[in-house]
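This report concerns side-chain features of a protein chain. Please consult the sequence and the model shown below.

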Amino acid sequence: MVISKEDRIRITEILANAFKDNKSVNYIVKQDRKRLSRIKLLMEYAYFMCNTYGRVILSEDKNACALVLFPDKKKVSLKGIYWDVKLMLKVIGVFNLPRVLKREALIKKQHPQVPFYYLWFIGVDPLAAGRGLGSVLLQELTNEAEVMGLPFYLETSTVENIPWYQKFGLHVYHTQDIGYTLYFLKYLT
């Protein structure tokens, strides 16, 4: 599926709505009156990174999406630097940057040193929740990782989602307290 500008807008809208109360996202995003627009910018950043170094998936009905990153494919580019600076200035904030960098280092330390399939974000439009759209999408993603022969990794701060991930063969292999508990999950192909 070719992702159009309207699809990109829809994806960032779905993810911004789905993650507006997420502990991990709100840890990264500067907490001020612009918080919701900052979350949308974070999702635009993630979209750019995954569209460039991974995969962007939007369900046929345009109510569920996922952003997958292949970290080993990530390269330094002028456009990437532009997006990193924009993220730092408009989403994280200069004063919040040291703790966010520390968090990212802790996450990276738990990832494998070999190529892997990284599910950065998966979301369903809250108005379409409960229809199994996320389950269909997650099954597609784990199947794809398996076909590619790549281990599948993600993190969540939403403890209520862990049983759902476990239904698809993922398991918690590490937890990290960083002001909230971050759960590290993997699915080995």
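The following paragraphs treat aromatic contacts, cysteines and a surface patch in turn.

The model is a predicted one, in which local features need pLDDT of at least 70, side-chain atom pairs count only at pLDDT 80 or more, and totals for chains, interfaces and linings use all residues. Residues are numbered from 1 along each chain as its sequence is written, and side-chain values use heavy atoms, with hydrogens and water left out.

**Aromatic contacts**

The structure holds 14 aromatic pairs; rings of Phe, Tyr and Trp (its six-membered ring) pair if their centres lie within 6.5 Å, and planes under 30 degrees apart count as stacked, over 60 as edge-to-face and the rest as tilted. Two of these pairs are tabulated here.

| Pair | Centre distance | Plane angle | Class |
|---|---|---|---|
| Phe19 and Phe121 | 5.0 Å | 80° | edge-to-face |
| Tyr117 and Phe152 | 5.3 Å | 20° | stacked |

Phe19 lies in the loop between α1 (5-18) and α2 (23-28), whereas Phe121 belongs to strand β3 (residues 117-124), so their pair ties together parts 102 residues apart in sequence. Helices (H or I, at least four residues) and strands (E, at least two) are DSSP runs, numbered from the N terminus. Tyr117, in strand β3, and Phe152, in strand β4 (residues 152-156), likewise link distant parts of the chain, 35 residues apart. Both Phe19 and Phe121 are buried, as are Tyr117 and Phe152; buried means under 20% relative accessible area, exposed over 50%, and partly exposed in between (1.4 Å probe, protein chains only).

Ring pairs also join Phe116, Tyr118, Tyr153, Tyr173 and Phe184 into a cluster. Over the ring of Tyr173 sits the charged end of Lys186, 5.0 Å from the ring centre. The charged end of Lys86 is placed over the ring of Trp83, at 4.7 Å from its centre. For such a contact, NZ of Lys or CZ of Arg is within 6 Å of the ring centre and within 35 degrees of the ring normal.

**Cysteines**

Why are there 0 disulfides? The sulfur of Cys50 is 11 Å from the closest cysteine sulfur, that of Cys65, which is too far for a bond; a disulfide requires two cysteine sulfur atoms within 2.5 Å. Cys50 is buried at 0% relative accessible area, and Cys65 is buried at 0% relative accessibility.

**Surface**

Phe95 is exposed, at 83% relative accessible area, and is placed in the loop between α4 (78-92) and α5 (97-110).
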